[in-house]
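Dear colleague,

I am passing on the structure we talked about, with the sequence alongside. Please open it first, and then read my notes below with the coordinates in view.

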Amino acid sequence: MKKLLSTGALLLGCAAAHADPVSWGFSFAGFYDQEADVFLTDETITGSFKGNDLDSDGLLERNELLSLVVGETDYIACAASSNDWYSCGATAFSFSPDTGLQFAVGSYGSDPEGWVGGGRLTTTGDMHYAYDFNPGGTQERHLLWTSDTRLTMMSQAPEPGTWAMLGVGLLGIGLRMRREAGKSFS
């Protein structure tokens, strides 16, 4: 019975460690600036995302995300603060190492009178659009994806809890093997 319980505890620890969310960082580099009419090799859009592949299909989708940060905005967290004057969220997302990264995110807002506001819309493979307006005028920027735009993905290290569970599991297995080896020599 003791063997069965210890084996079950080790398996549970391994399963819990496996259930940790996947985390990735990304960087898109090189965009055509429509207003300046020039390709900017050093222009980047960076971010990160975290989620659980709940259906284990190897594809992380919008409904499986815990966070999606593009620039400085978490488009999963900000959705909860949307109201009549501010809207924020992710309308599409998919990622797998085989098919790549695609998403569409946006935020926009204004004061209740509509005098001051702005927004950001980013759709991978298409465009990043940013605008701001006030009584003094409007500023817009269109960065377009081209065949020269490059994506770099960075797998992020597991969270400390994952390492702790792995350590406890390995220690338990080592102690169990030592105990079993001691019994066979007695």
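Is His-128 buried or exposed? Its relative accessible area is 16%, and because the limit for a buried residue is under 20%, His-128 counts as buried. Setting aside neighbours within four places in sequence, His-128 is in contact with Ile-45, Arg-120, Leu-121, Thr-122, Arg-141, His-142, Leu-143 and Trp-145.

Thr-122 has its place in strand E8, residues 117–123, and with a relative accessibility of 1% it counts as buried. Apart from residues up to four places away in sequence, Thr-122 touches Phe-103, Ala-104, Val-105, Met-127, His-128 and Trp-145. For Val-105, the C-alpha to C-alpha distance to Thr-122 is 5.4 Å, although the two are 17 residues apart in sequence.

As for the whole protein, it has two helices and eleven strands, and read along the sequence these follow the pattern α-β-β-β-β-β-β-β-β-β-β-β-α. Of the 186 residues in the protein, 29% are buried, and the accessible surface comes to about 11700 Å², with 59% of that area belonging to carbon and sulfur atoms. Among the contacts with a separation of 6 or more, 41% are between residues 24 or more positions apart.

Next, the interior. In soluble globular proteins, nonpolar side chains tend to be buried together. Here the largest nonpolar core has 22 residues, and those with the most contacts inside it are Phe-49, Leu-68, Phe-93 and Phe-103. At least two residues of this core come from each of the strands E1 (22–33), E2 (38–51), E4 (65–70), E6 (86–96) and E7 (100–110). Which residues does Phe-49 contact, leaving aside its neighbours within four places in sequence? They are Val-22, Ser-23, Trp-24, Phe-26, Leu-60, Leu-65, Ser-67, Leu-68, Phe-93, Phe-95, Leu-101 and Met-153.

For your work with cysteines, the count of disulfides comes to one. This disulfide is formed by Cys-78 and Cys-88, whose sulfur atoms are 1.7 Å apart. It links distant parts of the chain, with Cys-78 in the loop between strand E5 (73–74) and E6 and Cys-88 in strand E6, ten residues apart. The link is left-handed, with -75° about the S-S bond, and both Cys-78 and Cys-88 are buried.

Asp-37, in the loop between E1 and E2, has a positive phi of about 55° although it is not a glycine, and at 56% relative accessibility it counts as exposed. Ser-56, found in the loop between E2 and E3, likewise has a positive phi, near 50°, in a residue other than glycine, and Ser-56 counts as exposed at 63% relative accessibility. In that loop between E2 and strand E3 (60–61) lies Gly-58, which is partly exposed with a relative accessible area of 44%. Not counting residues up to four places away in sequence, Gly-58 touches Asp-53, Phe-95 and Ser-96. Between Gly-58 and Asp-98 there are 9.1 Å in space, C-alpha to C-alpha, while in sequence the two are 40 residues apart.

Finally, a word on confidence. The mean pLDDT of the protein is 84, and 73% of its residues reach 70 or more. Over residues 7–18, however, the pLDDT is below 50, and beyond near neighbours in sequence this stretch has seven contacts in the model. Where pLDDT is low, the predicted coordinates should not be read in detail.

With best wishes

Conventions
Residues numbered from 1 in each chain as written. Predicted model: local features only at pLDDT ≥ 70, side-chain atom pairs only at ≥ 80, totals over all residues. Heavy atoms only, no water. Core = buried A, V, L, I, M, F, W, Y, C linked by side-chain atoms within 4.5 Å. Buried < 20%, exposed > 50% of the residue type's maximum accessible area, 1.4 Å probe, protein only. Helix = DSSP H or I, 4+ residues; strand = E, 2+ residues; numbered from the N terminus. Contact = heavy atoms within 4.5 Å. Disulfide = S-S within 2.5 Å. pLDDT = per-residue confidence, 0-100. Areas by Shrake-Rupley, 256 points an atom, 1.4 Å probe, with all protein chains shown as cover.
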